Every structure is written in structure tokens, then in C-alpha cells.
Amino acid sequence: MSAKKDPNVWQGFKAFLMRGNVVDLAVAVVIGAAFTNIVNSVVKGVINPLVGAIGTQNLDHYSSCLKAPCQVAADGTVKSGVPILWGSVLGATLTFLITAAVVYFLMVLPMSKYLARQAAQKAAREGTKEVIEVTELEVLKEIRDALVAQRGSGHDER
């Protein structure tokens, strides 16, 4: 009985993997991993220098001390006090916003425009097909009416 069950389990697993959502998710993860390098480069090469024009280039250095005196070792461990590292939160937020903007403007927006264009073309083709079908139906009705009229006039002459 288990030998019979195994092929069904494997077929179900195969069907699960081949489902569109799973494949789309896998593609999204791979593309997201590839975009991470691009976004990190943009943050380090563009955003940090812009912020550096105002203050420091490394946002991680921005912090406030909740309970003085705050002393943080070079490795990031807190020696005393309660430091609030709001600079790292700001950096992570900027990274998230840049990532979201890149994904939206370079992937989501063009793809949605493409899909809308494809849907419009499909609707136009289906509309043309319906017009052709209606026209053919009207022509067939006219032929039928002409044949009926011919038969009707032919019976009168006999």
C-alpha cells in the first residue's frame, strides 16, 4: 500500500513545485538577492556621501544616549549607559525605501503596464472575433432568407 502512496506523494510534490506561485516566489528571491548588491552599492556610493555632506558618511555613528554616560566599545558592545542607535535604523529604513523604489519603478510598474497592454490587445482581438462571428451569422441568415424566398417563389410557379 505504501508503494502505491509514494508515487502520489511525489506527483503531488512535483505539482506543488511546478505551480506558478512557487516558481514566481523562487524567481523573486533570486532577483531580490541580486538587487541587494545593487541597493547596497547605491546606499554606499550615493546616499551615504549625500548624508556625509551634512554629517558623517556612516549612519551607524548617529546615536543618542538614553542613560549617561554611554560608552560603546569598538566592536559594538555597550560598556555603560543605554545608547539609542537611531542612525542604524535610519540607514536600514533608507535601504528599504531605496529597495522598494527600485523594485517598483524597474520591475512592478513596467510589468503592470506590459500586462495591461497585453490584456487590451487580447480584448481587442476578442472584440474583433465577436464582430466577425456576428457578421458571419448575419450573412448566413441572409442566405437562409434568400433560400426560403426562392423556395417560396418556386412553389408558387408550379
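Reply: A residue counts as buried under 20% relative accessible area and as exposed over 50%, with partly exposed in between. The model is a predicted one, and a search of the whole structure finds one disulfide in it. This disulfide joins Cys65 to Cys70, with an S to S distance of 1.9 Å, and the link of Cys65 and Cys70 is right-handed, with 90 degrees about the S-S bond. Because its relative accessibility is 38%, Cys65 falls into the partly exposed class, and Cys70, with a relative accessible area of 29%, is partly exposed as well.

The aromatic rings come next. A pair of aromatic rings is described by the distance of the centres and the angle of the planes. Rings pair if their centres lie within 6.5 Å, and planes over 60 degrees apart count as edge-to-face, those under 30 degrees as stacked and the rest as tilted. By this rule the count comes to three aromatic pairs. One of them is formed by Trp10 and Phe13, whose ring centres are 6.1 Å apart and whose planes stand at 85 degrees, so this pair is edge-to-face. Trp10 and Phe13 are three residues apart in helix H1, which covers residues 2-18, and therefore about one helical turn separates them. Trp10 counts as exposed because its relative accessibility is 60%, whereas Phe13, with a relative accessible area of 43%, is partly exposed.

Another of the pairs is that of Tyr62 and Trp86, in which the ring centres are 5.3 Å apart and the planes are at 35 degrees, so the pair is tilted. Since Tyr62 lies in the loop between helix H2 (20-54) and strand S1 (64-72), and Trp86 lies in helix H3 (residues 86-157), this pair ties together parts that are 24 residues apart in sequence. Tyr62 has a relative accessible area of 21% and is therefore partly exposed, and Trp86 is also partly exposed, its relative accessible area being 38%.

Patches are made of residues with over 30% relative accessible area, and Phe13 has a relative accessible area of 43%.

Terms used: Residues are numbered from 1 along each chain as its sequence is written. This is a predicted model: local features need pLDDT of at least 70, side-chain atom pairs count only at pLDDT 80 or more; totals for chains, interfaces and linings use all residues. Side-chain values use heavy atoms; hydrogens and water are left out. A disulfide is a pair of cysteine sulfur atoms within 2.5 Å. Buried means under 20% relative accessible area, exposed over 50%, partly exposed in between (1.4 Å probe, protein chains only). Rings of Phe, Tyr and Trp (its six-membered ring) pair if their centres lie within 6.5 Å; planes under 30 degrees apart count as stacked, over 60 as edge-to-face and the rest as tilted. Helices (H or I, at least four residues) and strands (E, at least two) are DSSP runs, numbered from the N terminus.
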